[in-house]
Amino acid sequence: MIRIEGGTFRMGSNEFYADETPVHERTVADFELDAHPVTVAQFAAFVEATGYVTVAERALDPADFPGADPADLVPGGLVFTPTPGPVDLRDWRQWWRWGAGASWRHPFGLDGDAAAPAAGQPFSPVDALAERADHPVTQVSFEDASAYAAWAGKRLPTETELEYAARGGLDGARFAWGDEEFPRDDEHPDGRLMTNRWQGSFPYRNTGAAGWWGTSPVGSFPANGYGLSDVTGNVWEWTTDYYTERHLVPGADAAAVDAGARPNLLAAASAEPGSRIPRRVLKGGSHLCSPDYCLRYRPSARSPQADDTATSHIGFRCARDA
């Protein structure tokens with residue numbers, strides 16, 4: 001873990017998406033943060049030691065899915081599947097499918113019908129521990145991430161902590177490394193790719209980020225000013241904060257709860273209409289973030305996700321009080 005000296009910074013952005021507004025000051029205390037997202041190998045050690053069964057591996061309760069065919073209620077998770085060509089980007093269901101048997105062990109499921117990101121060719125199910133042990137673990141829900149953190153003697157970070165850490169000391173910068181997306185130097189006169197994000201046209205053509213389609217081994221791209229790897233790109237990361245459609249600012253919003261204070265579970269919960277499942281804030285963006293669809297591989301970016309959801313592009317890292 002890396003010790004992060006606390007301080008006051010400008011949280012949020014007024015340049016991109018509405019839920020990142022308003023920009024306001026937040027203060028965090030000293031804390032420690034994992035240098036990189038939890039890997040498949042690290043999560044496997046947790047499962048071996050505890051016998052833990054993730055949400056994606058558990059049987060589904062038909063009562064939670066009224067009207068569904070019981071034969072379809074098999075354990076699994078959401079799997080990204082490239083489309084054959086351009087599609088209406090307003091309908092995310094065109095590139096997400098339910099992967100039967102998808103879990104942290106087999107992030108693309110067991111049916112083997114997902115399209116390979118590079119060429120659209122079918123591939124056999126991936127054994128994550130054998131083939132991607134040093135990649136971030138995926139197909140983990142908020143409950144799974146919390147269970148791992150407790151076993152490790154840590155906790156999940158707040159949204160404020162993760163944004164503060166991702167900035168690496170660059171208060172107000174667009175990206176974790178500065179304001180230029182592709183910084184130039186003598187070795188990279190045309191600009192350097194700084195994070196694992198979608199290359200090409202989303203969601204059908206991905207030319208690969210430095211040779212990686214999908215997740216990449218942790219630390220494959222430059223660390224930020226605090227020495228933290230993959231703080232943007234690669235995988236979205238869980239935080240403990242409930243999602244709200246904009247930042248609730250302490251002192252300005254009567255119902256606001258300072259997300260920099262712990263515990264922070266009194267924050268206003270926001271859920272899908274009709275859903276009993278609250279949504280947490282994800283931070284950092286992922287390998288699926290593309291400038292033409294999801295320019296969220298930035299410290300201020302945020303996204304809502306239901307607590308019980310596991311997908312092929314969500315992971316986590318742990319924090320600890322200093």
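**Entry 1: the sheet**

Which strands form an open sheet, and in what order? I looked in this predicted model, where local features need pLDDT of at least 70, side-chain atom pairs count only at pLDDT 80 or more, and totals for chains, interfaces and linings use all residues. Residues are numbered from 1 along each chain as its sequence is written, and side-chain values use heavy atoms, with hydrogens and water left out.

I found 3 strands in the order β1-β4-β13, with antiparallel pairing. β1 (2-4) and β13 (319-321) each have a single partner strand, so they stand at the edges and one side of each is left without a neighbour in the sheet. From one strand to the next, the twist averages 30°.

I noted the terms here. Strands (E, at least two residues) and helices (H or I, at least four) are DSSP runs, numbered from the N terminus. Two strands pair if DSSP finds at least two bridges between them. Strands of a sheet pair through backbone hydrogen bonds, either parallel or antiparallel.

Next I checked β1 against β4 (residues 31-33). They pair in the antiparallel sense over 3 bridges. Arg3 stands opposite Glu32 in β4.

Which helix lies across these strands? I found α4 (residues 159-167) across β1, β4 and β13, at about 70° to β4. Axes are lines fitted to C-alpha atoms, for helices over the stretch in contact, and angles run from 0 to 180 degrees between N-to-C directions.

**Entry 2: two helices**

I turned to α1 (residues 40-50) and α3 (residues 142-151). Their axes come within 11 Å and cross at roughly 75°. The two helices are therefore roughly perpendicular to each other. The classes are under 35 degrees for roughly parallel, over 145 for roughly antiparallel, 65 to 115 for roughly perpendicular, and oblique for the rest.

Which residues of α1 meet α3? I listed Gln42, Phe43, Ala45, Phe46, Ala49 and Thr50 in α1, against Asp144, Ala147, Tyr148 and Trp151 in α3. Contact means heavy atoms within 4.5 Å. I sorted the residues of this contact into 7 nonpolar, 2 polar and 1 charged. Ala, Val, Leu, Ile, Met, Phe, Trp, Tyr, Cys and Pro count as nonpolar, Asp, Glu, Lys and Arg as charged, and the others, Gly among them, as polar.

**Entry 3: pocket and cavities**

I wrote down the rule before the numbers. On a 1 Å grid over the protein atoms alone, a cavity is a set of points where a 1.4 Å probe fits but cannot get out; a pocket is an open set with protein on both sides within 12 Å along at least five of seven lines; lining residues have an atom within 4 Å of a point. Grid points are joined across faces, edges and corners, and a volume is the space filled by probe spheres set on the points.

The largest pocket has a volume of about 1,700 Å³. Of its 49 lining residues, Leu78, Trp92, Gln305, Ala306 and Thr309 are the closest to its centre. Which element gives the largest share of the lining? I found β11, with 5 residues.

I counted 3 cavities of 30 Å³ or more. The second largest cavity has a volume of about 90 Å³.

**Entry 4: backbone**

I found a cis peptide bond between Thr21 and Pro22, with omega of about -10°. Another cis bond joins Phe202 and Pro203, with omega of about 0°. Gln139 is not a glycine, yet has a positive phi of about 60°.
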